[in-house]
Structure formats: C-alpha cells, structure tokens
Amino acid sequence: MTPYRIIRAAELTPGPATVIVRLPGRALRSRVELAAVQPHGVVKVAFACGEVLTLSARVLVGVIDPAVRRRARRPSRRRGEG
C-alpha cells in the first residue's frame, strides 16, 4: 500500500515526498523544492518540475511519502568460521 497523507499547504516542507495538487484541467505531481509561508495566509511553493504556485495556507494537498526500503539482513558470522 502506498503511504499517503492529506495536509494543509502551510505544513509543506521540502523533501523527497511527492506532492499532488489538483488544478483545473490537470494535476501536478512533483517534489517540493521550496515552501515559504507568507504572513497574509498564503504559501508560495516551488516544485522540482519548475512550477511555482501560490496557494492558500488552508488548501489541502496530497503527499505520497517515499517507500522505505528494508535492508537485507546479512548472515551473521559465527566465531571460529571463515
């Protein structure tokens, strides 16, 4: 299952997570490069794809967190072997 969250735009932070924003006629899926909360209730967000949006701080966006890869366990070496 894909780990996802719905958060307010004011909570966005740069990082490896993919953010989904639904716009009229299209959807934007990209990583956040810069998120700046402005004092008058808006957030300026720069995405890795080159788009820059100004969103209301209360707008909800979807966030897909990157899958956590588990490291393969290495077989333990017993004393006296190898």
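Author: Confidence in this predicted model is lowest in strand 2, with a mean of 89, and highest in strand 4 (residues 42-47), with a mean of 95. Over the chain, the average pLDDT is 86, and 79% of the residues score at least 70.

The part to look at is strand 6, which spans residues 60-64. Four of its five residues are buried, so the strand is mostly covered, where buried stands for under 20% relative accessible area.

Strand 6 has pairing with strand 1 and with strand 2. Strand 1, residues 4-8, runs antiparallel to strand 6, and five bridges connect the two. Within this pair, Gly 62 of strand 6 is the bridge partner of Ile 6. Strand 2, residues 18-23, is also antiparallel to strand 6, and three bridges join them. Here Val 63 of strand 6 has Val 19 standing opposite.

In a regular strand, side chains alternate between the two faces of the sheet.

As for the surface, Leu 60 forms a nonpolar patch of about 380 Å² together with Tyr 4 and Ile 6. Tyr 4 belongs to strand 1, the strand that pairs with strand 6 over five bridges.

Terms used
Residues numbered from 1 in each chain as written. Predicted model: local features only at pLDDT ≥ 70, side-chain atom pairs only at ≥ 80, totals over all residues. Heavy atoms only, no water. Buried < 20%, exposed > 50% of the residue type's maximum accessible area, 1.4 Å probe, protein only. Pairing = 2+ DSSP bridges. Patch = residues over 30% accessible without salt bridge, like charges linked within 9 Å, V, L, I, M, F, W, Y side chains within 5 Å. Areas by Shrake-Rupley, 256 points an atom, 1.4 Å probe, with all protein chains shown as cover. Salt bridge = Lys/Arg side-chain N within 4 Å of Asp/Glu carboxyl O. pLDDT = per-residue confidence, 0-100.
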